[in-house]
Amino acid sequence: PSKGSSGNAIAGLIVASIVAAACTFIWLLVAALSGMELGILAWGIGGLIGLVAGLIGRNGSPVYCGLTALIACLSVVSAKIIMALVIMAIGIGMEMVGDLSSFSPKQEKQAHAMADQMLVDGEFEGAEKEYAERYTAAFFTGDYDEFYDLGDGSDEAFEVSESVEERIQAKLKTKTDAEKDSLVAEARQRHPEWIENNNHYLAVIDQFLIEKEGLTEPLAQAAKNELANLDGEYDSDYYQSVSPKDQKQRRQELRKLAADRIALMDEAARDQAVRDAVERHPTWNPFPDASTATIAKMHSEGKFSGVLAEHAKAKLDSQFSDTYSDYYESVSYDDQQVREKDIQKLVNAELVKMDVNAREKLIAETKSKNPDWMRQEASEEEAQQELEEAVAEIGGDGTFFGALKEVIGFMDILWLVLGASTAYGTAMKYAPDKQGSTA
(Lines give C-alpha, C1' and ligand atoms only; values in the text may rest on other atoms or scores of the structure.)
Protein backbone atom coordinates (compact mmCIF):
# COMPACT_ATOMS: atom_id res chain seq x y z
CA PRO A 1 0.00 0.00 0.00
CA SER A 2 1.10 3.60 -0.56
CA LYS A 3 2.39 5.75 2.23
CA GLY A 4 -0.13 8.20 3.71
CA SER A 5 0.59 11.90 3.21
CA SER A 6 0.79 14.60 5.89
CA GLY A 7 -2.55 15.86 4.56
CA ASN A 8 -4.11 12.45 5.18
CA ALA A 9 -2.70 12.39 8.70
CA ILE A 10 -4.03 15.83 9.55
CA ALA A 11 -7.41 15.00 8.06
CA GLY A 12 -7.48 11.75 10.01
CA LEU A 13 -6.80 13.55 13.30
CA ILE A 14 -9.41 16.23 12.57
CA VAL A 15 -12.11 13.69 11.71
CA ALA A 16 -11.11 11.57 14.73
CA SER A 17 -11.55 14.67 16.93
CA ILE A 18 -15.01 15.31 15.46
CA VAL A 19 -15.96 11.68 16.05
CA ALA A 20 -14.61 11.94 19.62
CA ALA A 21 -16.76 15.03 20.28
CA ALA A 22 -19.85 13.29 18.89
CA CYS A 23 -19.16 10.17 20.95
CA THR A 24 -18.68 12.29 24.07
CA PHE A 25 -22.07 13.90 23.50
CA ILE A 26 -23.73 10.52 22.97
CA TRP A 27 -22.04 9.15 26.09
CA LEU A 28 -23.30 12.04 28.20
CA LEU A 29 -26.80 11.66 26.73
CA VAL A 30 -26.84 7.93 27.56
CA ALA A 31 -25.62 8.72 31.09
CA ALA A 32 -28.32 11.36 31.57
CA LEU A 33 -31.12 9.11 30.31
CA SER A 34 -29.99 5.94 32.06
CA GLY A 35 -28.64 7.46 35.27
CA MET A 36 -25.45 5.39 34.81
CA GLU A 37 -22.09 6.52 33.43
CA LEU A 38 -21.41 3.21 31.61
CA GLY A 39 -17.63 3.69 31.56
CA ILE A 40 -17.28 0.68 29.27
CA LEU A 41 -18.38 2.98 26.46
CA ALA A 42 -14.95 4.63 26.69
CA TRP A 43 -13.47 1.37 25.39
CA GLY A 44 -15.76 1.36 22.38
CA ILE A 45 -15.20 5.09 21.78
CA GLY A 46 -11.43 4.47 21.69
CA GLY A 47 -11.89 1.73 19.10
CA LEU A 48 -14.09 3.95 16.90
CA ILE A 49 -11.66 6.87 17.08
CA GLY A 50 -8.74 4.58 16.21
CA LEU A 51 -10.65 3.07 13.28
CA VAL A 52 -11.48 6.47 11.78
CA ALA A 53 -7.95 7.78 12.32
CA GLY A 54 -6.40 4.67 10.79
CA LEU A 55 -8.57 4.54 7.68
CA ILE A 56 -8.39 8.26 6.90
CA GLY A 57 -4.88 9.10 8.14
CA ARG A 58 -3.24 6.10 6.43
CA ASN A 59 -0.39 6.47 8.95
CA GLY A 60 0.71 3.72 11.30
CA SER A 61 3.59 5.56 12.95
CA PRO A 62 3.87 5.56 16.78
CA VAL A 63 3.53 9.36 16.91
CA TYR A 64 0.34 9.38 14.80
CA CYS A 65 -1.19 6.50 16.74
CA GLY A 66 -0.13 8.18 19.98
CA LEU A 67 -1.99 11.36 18.96
CA THR A 68 -5.04 9.20 18.20
CA ALA A 69 -4.80 7.70 21.69
CA LEU A 70 -4.53 11.23 23.13
CA ILE A 71 -7.74 12.24 21.36
CA ALA A 72 -9.46 9.20 22.88
CA CYS A 73 -8.14 10.17 26.33
CA LEU A 74 -9.36 13.75 25.90
CA SER A 75 -12.84 12.54 24.92
CA VAL A 76 -13.10 10.57 28.18
CA VAL A 77 -11.59 13.35 30.29
CA SER A 78 -13.82 16.00 28.71
CA ALA A 79 -16.90 13.86 29.43
CA LYS A 80 -15.87 13.63 33.08
CA ILE A 81 -15.22 17.37 33.26
CA ILE A 82 -18.66 18.11 31.78
CA MET A 83 -20.27 15.72 34.28
CA ALA A 84 -18.47 17.49 37.13
CA LEU A 85 -19.51 20.92 35.84
CA VAL A 86 -23.14 19.78 35.63
CA ILE A 87 -23.04 18.46 39.20
CA MET A 88 -21.43 21.68 40.41
CA ALA A 89 -24.04 23.77 38.57
CA ILE A 90 -26.88 21.69 40.02
CA GLY A 91 -25.38 22.07 43.49
CA ILE A 92 -25.08 25.84 43.08
CA GLY A 93 -28.60 25.99 41.65
CA MET A 94 -30.02 24.03 44.57
CA GLU A 95 -28.22 26.31 47.01
CA MET A 96 -29.81 29.29 45.26
CA VAL A 97 -33.20 27.59 45.48
CA GLY A 98 -32.49 26.98 49.14
CA ASP A 99 -31.69 30.65 49.64
CA LEU A 100 -34.89 31.69 47.88
CA SER A 101 -37.00 29.11 49.68
CA SER A 102 -35.52 30.21 52.98
CA PHE A 103 -37.75 33.28 52.67
CA SER A 104 -40.71 31.12 53.61
CA PRO A 105 -44.24 32.29 54.49
CA LYS A 106 -43.18 32.15 58.13
CA GLN A 107 -40.19 34.41 57.51
CA GLU A 108 -42.30 36.70 55.37
CA LYS A 109 -44.65 37.16 58.30
CA GLN A 110 -41.69 37.89 60.56
CA ALA A 111 -40.24 40.44 58.14
CA HIS A 112 -43.49 42.39 57.86
CA ALA A 113 -44.10 42.18 61.60
CA MET A 114 -40.59 43.53 62.16
CA ALA A 115 -41.21 46.38 59.73
CA ASP A 116 -44.49 47.15 61.48
CA GLN A 117 -42.75 47.24 64.86
CA MET A 118 -40.01 49.51 63.49
CA LEU A 119 -42.70 51.91 62.27
CA VAL A 120 -44.32 51.88 65.71
CA ASP A 121 -40.91 52.63 67.24
CA GLY A 122 -40.34 55.52 64.81
CA GLU A 123 -37.24 54.00 63.21
CA PHE A 124 -38.07 55.12 59.66
CA GLU A 125 -38.22 58.64 58.27
CA GLY A 126 -38.93 60.32 54.96
CA ALA A 127 -38.98 58.10 51.87
CA GLU A 128 -38.05 55.05 53.91
CA LYS A 129 -41.04 55.59 56.19
CA GLU A 130 -43.38 55.93 53.20
CA TYR A 131 -42.01 52.72 51.68
CA ALA A 132 -42.27 50.81 54.98
CA GLU A 133 -45.87 51.98 55.50
CA ARG A 134 -46.94 50.76 52.08
CA TYR A 135 -44.89 47.59 52.48
CA THR A 136 -46.72 46.63 55.66
CA ALA A 137 -50.15 47.90 54.57
CA ALA A 138 -50.05 45.80 51.40
CA PHE A 139 -49.17 42.67 53.35
CA PHE A 140 -51.72 43.03 56.14
CA THR A 141 -54.61 44.11 53.89
CA GLY A 142 -53.78 41.91 50.90
CA ASP A 143 -54.03 44.96 48.61
CA TYR A 144 -50.74 45.30 46.72
CA ASP A 145 -51.91 47.80 44.08
CA GLU A 146 -50.60 50.91 45.81
CA PHE A 147 -47.43 49.14 46.89
CA TYR A 148 -46.55 48.20 43.30
CA ASP A 149 -47.32 51.75 42.20
CA LEU A 150 -44.80 53.10 44.71
CA GLY A 151 -41.87 54.95 43.19
CA ASP A 152 -41.07 55.68 39.56
CA GLY A 153 -38.62 52.87 38.91
CA SER A 154 -35.70 55.22 39.47
CA ASP A 155 -32.42 54.23 41.09
CA GLU A 156 -33.38 56.34 44.11
CA ALA A 157 -36.65 54.44 44.65
CA PHE A 158 -34.81 51.13 44.32
CA GLU A 159 -32.16 52.22 46.83
CA VAL A 160 -34.89 53.18 49.31
CA SER A 161 -36.52 49.74 49.05
CA GLU A 162 -33.16 47.99 49.37
CA SER A 163 -32.23 50.05 52.41
CA VAL A 164 -35.53 49.38 54.19
CA GLU A 165 -35.42 45.64 53.55
CA GLU A 166 -31.77 45.40 54.61
CA ARG A 167 -32.58 47.20 57.86
CA ILE A 168 -35.51 44.86 58.49
CA GLN A 169 -33.36 41.77 57.99
CA ALA A 170 -30.56 43.22 60.14
CA LYS A 171 -33.01 43.75 63.00
CA LEU A 172 -34.49 40.27 62.60
CA LYS A 173 -31.03 38.70 62.91
CA THR A 174 -30.78 40.08 66.43
CA LYS A 175 -34.03 38.41 67.52
CA THR A 176 -34.51 34.96 68.98
CA ASP A 177 -37.19 32.64 67.62
CA ALA A 178 -39.38 33.44 70.61
CA GLU A 179 -38.97 37.18 70.01
CA LYS A 180 -39.88 36.74 66.33
CA ASP A 181 -43.02 34.85 67.28
CA SER A 182 -43.86 37.65 69.68
CA LEU A 183 -43.44 40.24 66.91
CA VAL A 184 -45.92 38.35 64.74
CA ALA A 185 -48.41 38.04 67.63
CA GLU A 186 -48.21 41.78 68.32
CA ALA A 187 -48.65 42.62 64.62
CA ARG A 188 -51.70 40.37 64.59
CA GLN A 189 -53.20 42.42 67.42
CA ARG A 190 -52.47 45.70 65.66
CA HIS A 191 -53.90 44.51 62.35
CA PRO A 192 -57.25 42.77 62.76
CA GLU A 193 -57.66 43.14 58.96
CA TRP A 194 -54.86 40.62 58.45
CA ILE A 195 -56.13 37.33 56.96
CA GLU A 196 -53.26 34.88 57.16
CA ASN A 197 -54.87 31.99 55.30
CA ASN A 198 -56.73 32.78 52.09
CA ASN A 199 -58.67 29.51 52.39
CA HIS A 200 -60.27 30.92 55.54
CA TYR A 201 -61.21 34.07 53.66
CA LEU A 202 -62.87 32.15 50.82
CA ALA A 203 -64.69 29.84 53.24
CA VAL A 204 -66.12 32.75 55.20
CA ILE A 205 -67.18 34.57 52.02
CA ASP A 206 -68.99 31.37 51.08
CA GLN A 207 -70.71 31.42 54.48
CA PHE A 208 -71.90 34.98 53.88
CA LEU A 209 -73.55 33.93 50.61
CA ILE A 210 -75.19 30.90 52.19
CA GLU A 211 -76.57 32.99 55.05
CA LYS A 212 -77.95 35.58 52.58
CA GLU A 213 -77.61 38.35 55.08
CA GLY A 214 -75.06 40.98 55.99
CA LEU A 215 -74.11 41.65 52.36
CA THR A 216 -75.45 44.38 50.13
CA GLU A 217 -76.20 43.40 46.53
CA PRO A 218 -72.89 44.89 45.26
CA LEU A 219 -70.96 42.97 47.93
CA ALA A 220 -72.86 39.80 47.10
CA GLN A 221 -71.83 40.21 43.46
CA ALA A 222 -68.22 40.71 44.56
CA ALA A 223 -68.43 37.63 46.78
CA LYS A 224 -69.72 35.47 43.91
CA ASN A 225 -66.87 36.74 41.78
CA GLU A 226 -64.33 35.84 44.49
CA LEU A 227 -65.71 32.30 44.65
CA ALA A 228 -66.01 31.70 40.91
CA ASN A 229 -62.54 30.15 40.72
CA LEU A 230 -63.53 27.52 43.28
CA ASP A 231 -65.81 26.03 40.65
CA GLY A 232 -63.32 26.50 37.82
CA GLU A 233 -65.30 29.40 36.37
CA TYR A 234 -64.49 32.95 35.31
CA ASP A 235 -66.97 35.72 36.08
CA SER A 236 -66.43 37.80 32.95
CA ASP A 237 -69.72 39.68 33.38
CA TYR A 238 -68.59 41.09 36.71
CA TYR A 239 -65.27 42.34 35.34
CA GLN A 240 -67.00 43.94 32.36
CA SER A 241 -69.82 45.62 34.29
CA VAL A 242 -67.95 46.88 37.38
CA SER A 243 -65.16 49.43 37.22
CA PRO A 244 -61.73 48.46 38.61
CA LYS A 245 -62.12 51.15 41.28
CA ASP A 246 -65.43 49.69 42.50
CA GLN A 247 -64.05 46.15 42.34
CA LYS A 248 -61.19 47.17 44.60
CA GLN A 249 -63.46 48.97 47.06
CA ARG A 250 -65.85 46.02 47.30
CA ARG A 251 -63.01 43.58 47.85
CA GLN A 252 -61.65 45.74 50.66
CA GLU A 253 -65.09 45.76 52.31
CA LEU A 254 -65.40 42.00 51.93
CA ARG A 255 -61.99 41.43 53.47
CA LYS A 256 -62.92 43.64 56.42
CA LEU A 257 -66.15 41.71 57.04
CA ALA A 258 -64.36 38.37 56.61
CA ALA A 259 -61.48 39.39 58.89
CA ASP A 260 -63.91 40.36 61.65
CA ARG A 261 -65.56 36.94 61.50
CA ILE A 262 -62.32 34.98 61.21
CA ALA A 263 -60.97 36.75 64.30
CA LEU A 264 -63.86 35.31 66.32
CA MET A 265 -63.24 31.73 65.16
CA ASP A 266 -60.77 29.24 66.63
CA GLU A 267 -58.65 26.98 64.43
CA ALA A 268 -61.13 24.12 64.53
CA ALA A 269 -63.97 26.39 63.42
CA ARG A 270 -61.89 27.84 60.59
CA ASP A 271 -60.94 24.38 59.37
CA GLN A 272 -64.57 23.27 59.53
CA ALA A 273 -65.60 26.33 57.53
CA VAL A 274 -63.14 25.37 54.80
CA ARG A 275 -64.41 21.77 54.74
CA ASP A 276 -68.01 23.04 54.56
CA ALA A 277 -67.05 25.18 51.57
CA VAL A 278 -65.34 22.18 49.95
CA GLU A 279 -68.60 20.28 50.24
CA ARG A 280 -70.40 23.09 48.45
CA HIS A 281 -67.61 23.48 45.87
CA PRO A 282 -66.53 19.89 45.21
CA THR A 283 -63.77 20.69 42.70
CA TRP A 284 -61.96 23.15 45.01
CA ASN A 285 -58.62 21.87 46.33
CA PRO A 286 -57.58 23.85 49.43
CA PHE A 287 -55.58 20.90 50.82
CA PRO A 288 -53.24 19.90 47.94
CA ASP A 289 -51.02 17.52 49.96
CA ALA A 290 -53.95 15.82 51.68
CA SER A 291 -55.63 15.60 48.29
CA THR A 292 -52.62 13.83 46.76
CA ALA A 293 -52.39 11.49 49.76
CA THR A 294 -56.09 10.66 49.44
CA ILE A 295 -55.72 9.94 45.73
CA ALA A 296 -52.85 7.56 46.55
CA LYS A 297 -54.92 5.78 49.19
CA MET A 298 -58.01 5.50 47.00
CA HIS A 299 -55.95 4.33 44.02
CA SER A 300 -54.27 1.61 46.09
CA GLU A 301 -57.71 0.48 47.27
CA GLY A 302 -59.04 0.31 43.71
CA LYS A 303 -61.53 3.14 44.24
CA PHE A 304 -60.89 4.53 40.75
CA SER A 305 -61.74 2.66 37.56
CA GLY A 306 -61.25 3.09 33.82
CA VAL A 307 -59.90 6.43 32.66
CA LEU A 308 -59.95 7.83 36.22
CA ALA A 309 -57.61 5.07 37.38
CA GLU A 310 -55.33 5.85 34.45
CA HIS A 311 -55.38 9.57 35.24
CA ALA A 312 -54.74 8.97 38.95
CA LYS A 313 -51.73 6.74 38.22
CA ALA A 314 -50.18 9.30 35.88
CA LYS A 315 -50.74 12.04 38.45
CA LEU A 316 -49.21 10.00 41.28
CA ASP A 317 -46.20 9.00 39.16
CA SER A 318 -45.46 12.66 38.47
CA GLN A 319 -45.91 13.59 42.14
CA PHE A 320 -43.99 10.75 43.76
CA SER A 321 -41.25 9.88 41.28
CA ASP A 322 -41.15 12.90 38.94
CA THR A 323 -42.06 10.57 36.06
CA TYR A 324 -43.77 12.14 33.06
CA SER A 325 -46.27 9.59 31.78
CA ASP A 326 -47.11 9.06 28.11
CA TYR A 327 -50.68 9.47 29.31
CA TYR A 328 -50.30 13.26 29.13
CA GLU A 329 -49.33 13.05 25.46
CA SER A 330 -52.10 10.65 24.48
CA VAL A 331 -55.03 12.39 26.21
CA SER A 332 -56.25 15.86 25.26
CA TYR A 333 -55.91 18.68 27.77
CA ASP A 334 -59.69 19.16 27.95
CA ASP A 335 -60.22 15.48 28.76
CA GLN A 336 -57.51 15.65 31.39
CA GLN A 337 -59.24 18.61 33.03
CA VAL A 338 -62.59 16.79 33.08
CA ARG A 339 -61.01 13.73 34.70
CA GLU A 340 -59.12 15.88 37.18
CA LYS A 341 -62.40 17.44 38.33
CA ASP A 342 -64.10 14.06 38.55
CA ILE A 343 -61.27 12.71 40.71
CA GLN A 344 -61.28 15.83 42.88
CA LYS A 345 -64.99 15.39 43.58
CA LEU A 346 -64.41 11.83 44.77
CA VAL A 347 -61.41 12.90 46.86
CA ASN A 348 -63.21 15.85 48.42
CA ALA A 349 -66.02 13.54 49.51
CA GLU A 350 -63.38 11.90 51.72
CA LEU A 351 -61.52 15.06 52.73
CA VAL A 352 -64.60 16.76 54.18
CA LYS A 353 -64.65 14.00 56.80
CA MET A 354 -61.05 14.65 57.92
CA ASP A 355 -59.94 17.23 60.44
CA VAL A 356 -56.41 18.64 60.56
CA ASN A 357 -55.01 15.72 62.56
CA ALA A 358 -56.52 13.11 60.23
CA ARG A 359 -55.11 14.88 57.17
CA GLU A 360 -51.65 15.21 58.69
CA LYS A 361 -51.63 11.52 59.65
CA LEU A 362 -52.56 10.48 56.11
CA ILE A 363 -49.92 12.79 54.63
CA ALA A 364 -47.25 11.35 56.95
CA GLU A 365 -48.19 7.78 56.00
CA THR A 366 -48.07 8.64 52.30
CA LYS A 367 -44.73 10.40 52.67
CA SER A 368 -43.22 7.37 54.43
CA LYS A 369 -44.22 5.18 51.46
CA ASN A 370 -43.05 7.76 48.90
CA PRO A 371 -39.92 9.46 50.29
CA ASP A 372 -39.24 11.36 47.04
CA TRP A 373 -42.59 13.18 47.22
CA MET A 374 -42.00 16.94 47.09
CA ARG A 375 -44.97 18.21 49.07
CA GLN A 376 -46.57 21.55 48.21
CA GLU A 377 -47.35 22.40 51.83
CA ALA A 378 -44.14 21.13 53.46
CA SER A 379 -42.99 23.07 56.50
CA GLU A 380 -39.87 25.20 56.33
CA GLU A 381 -37.92 22.52 58.22
CA GLU A 382 -39.16 19.70 55.97
CA ALA A 383 -38.38 21.65 52.81
CA GLN A 384 -34.85 22.38 54.04
CA GLN A 385 -34.30 18.73 54.95
CA GLU A 386 -35.49 17.57 51.52
CA LEU A 387 -33.17 20.10 49.88
CA GLU A 388 -30.20 18.88 51.91
CA GLU A 389 -30.99 15.26 51.08
CA ALA A 390 -31.22 16.09 47.37
CA VAL A 391 -27.84 17.87 47.46
CA ALA A 392 -26.28 14.94 49.31
CA GLU A 393 -27.69 12.51 46.74
CA ILE A 394 -26.20 14.52 43.89
CA GLY A 395 -22.85 14.64 45.67
CA GLY A 396 -20.02 17.13 45.70
CA ASP A 397 -19.39 20.06 47.96
CA GLY A 398 -20.42 22.80 45.55
CA THR A 399 -16.89 23.14 44.13
CA PHE A 400 -15.53 21.87 40.81
CA PHE A 401 -12.95 19.61 42.43
CA GLY A 402 -15.53 18.24 44.84
CA ALA A 403 -17.81 17.40 41.90
CA LEU A 404 -14.87 15.90 39.99
CA LYS A 405 -14.18 13.52 42.86
CA GLU A 406 -17.79 12.32 42.61
CA VAL A 407 -17.45 11.32 38.94
CA ILE A 408 -13.94 9.83 38.93
CA GLY A 409 -13.12 6.43 40.40
CA PHE A 410 -10.64 3.57 39.94
CA MET A 411 -12.67 1.99 37.13
CA ASP A 412 -12.53 5.26 35.20
CA ILE A 413 -8.73 4.99 35.08
CA LEU A 414 -9.10 1.46 33.73
CA TRP A 415 -11.55 2.58 31.03
CA LEU A 416 -9.27 5.50 30.17
CA VAL A 417 -6.29 3.18 29.67
CA LEU A 418 -8.36 0.66 27.70
CA GLY A 419 -9.87 3.38 25.52
CA ALA A 420 -6.50 4.96 24.76
CA SER A 421 -4.74 1.65 24.10
CA THR A 422 -7.60 0.48 21.89
CA ALA A 423 -7.46 3.74 19.90
CA TYR A 424 -3.70 3.35 19.50
CA GLY A 425 -3.88 -0.30 18.46
CA THR A 426 -6.83 0.17 16.12
CA ALA A 427 -5.25 3.18 14.37
CA MET A 428 -2.11 1.15 13.78
CA LYS A 429 -4.01 -1.95 12.68
CA TYR A 430 -6.13 -0.17 10.08
CA ALA A 431 -3.43 2.16 8.72
CA PRO A 432 -2.57 0.91 5.21
CA ASP A 433 1.09 1.74 5.82
CA LYS A 434 2.26 0.79 9.34
CA GLN A 435 5.69 2.25 8.66
CA GLY A 436 4.43 5.54 7.24
CA SER A 437 5.74 8.98 8.03
CA THR A 438 4.79 10.79 11.21
CA ALA A 439 2.05 13.43 11.22
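Is Lys-80 buried or exposed? At a relative accessibility of 5%, Lys-80 counts as buried, where buried denotes under 20% relative accessible area, exposed over 50% and partly exposed the range in between, for a 1.4 Å probe and protein chains only. The model is predicted, so that local features need pLDDT of at least 70 and side-chain atom pairs count only at pLDDT 80 or more, whereas totals for chains, interfaces and linings use all residues. Residues are numbered from 1 along each chain as its sequence is written, and side-chain values use heavy atoms, with hydrogens and water left out.

A salt bridge was taken as a side-chain nitrogen of Lys or Arg within 4 Å of a carboxyl oxygen of Asp or Glu. The count by this rule is 21 salt bridges. One of them joins Lys-80 to Asp-412, with 2.9 Å between the closest N and O atoms. This pair links distant parts of the chain, since Lys-80 belongs to helix α3 (residues 62-101) and Asp-412 to helix α21 (residues 410-430), 332 residues apart. Helices here are DSSP runs of H or I with at least four residues, and strands are runs of E with at least two, numbered from the N terminus. Asp-412 also counts as buried, at 16% relative accessibility.

A salt bridge is also formed by Asp-143 and Lys-248, whose closest N and O atoms are 3.5 Å apart. Asp-143 lies in the loop between α5 (126-141) and α6 (145-149), and Lys-248 in helix α12 (residues 244-263), so the pair links distant parts of the chain, 105 residues apart. Asp-143 is buried at 16% relative accessibility, whereas Lys-248 is partly exposed at 27%.

In the salt bridge between Arg-280 and Asp-206, the closest N and O atoms are separated by 2.5 Å. Arg-280 is in helix α13 (residues 267-280) and Asp-206 in helix α9 (residues 198-211), distant parts of the chain 74 residues apart. Arg-280 is partly exposed, with a relative accessibility of 35%, and Asp-206 is buried, with 3%. Elsewhere, salt bridges link Lys-109, Arg-188 and Glu-196 in a network.

Helix α12 also takes part in a helix crossing. The axes of helix α10 (residues 217-227) and α12 come within 9 Å and cross at roughly 85°; axes are lines fitted to C-alpha atoms, for helices over the stretch in contact, and angles between N-to-C directions run from 0 to 180 degrees. Helix α10 is therefore roughly perpendicular to α12, a class covering 65 to 115 degrees, while angles under 35 count as roughly parallel, those over 145 as roughly antiparallel and the rest as oblique. Contact (heavy atoms within 4.5 Å) involves Pro-218, Leu-219, Gln-221, Ala-222, Ala-223 and Glu-226 of α10, which meet Arg-250, Arg-251, Glu-253, Leu-254 and Leu-257 of α12. By class, this contact has six nonpolar, one polar and four charged residues, with Ala, Val, Leu, Ile, Met, Phe, Trp, Tyr, Cys and Pro taken as nonpolar, Asp, Glu, Lys and Arg as charged, and the others, Gly among them, as polar.

The whole structure contains 10 aromatic pairs, defined by ring centres of Phe, Tyr and Trp (its six-membered ring) within 6.5 Å; planes under 30 degrees apart are stacked, over 60 edge-to-face and the rest tilted. Tyr-131 and Tyr-135 are stacked, because their ring centres are 5.9 Å apart and their planes lie at 20°. These two residues are four apart in helix α5, about one helical turn. Tyr-131 is buried at 9% relative accessible area, and Tyr-135 is buried at 9%. The rings of Tyr-238 and Tyr-239, with centres 6.0 Å apart and planes at 75°, form an edge-to-face pair. Tyr-238 is buried at 6%, whereas Tyr-239 is partly exposed at 37%. Ring pairs also link Phe-139, Phe-140 and Trp-194 into a cluster.
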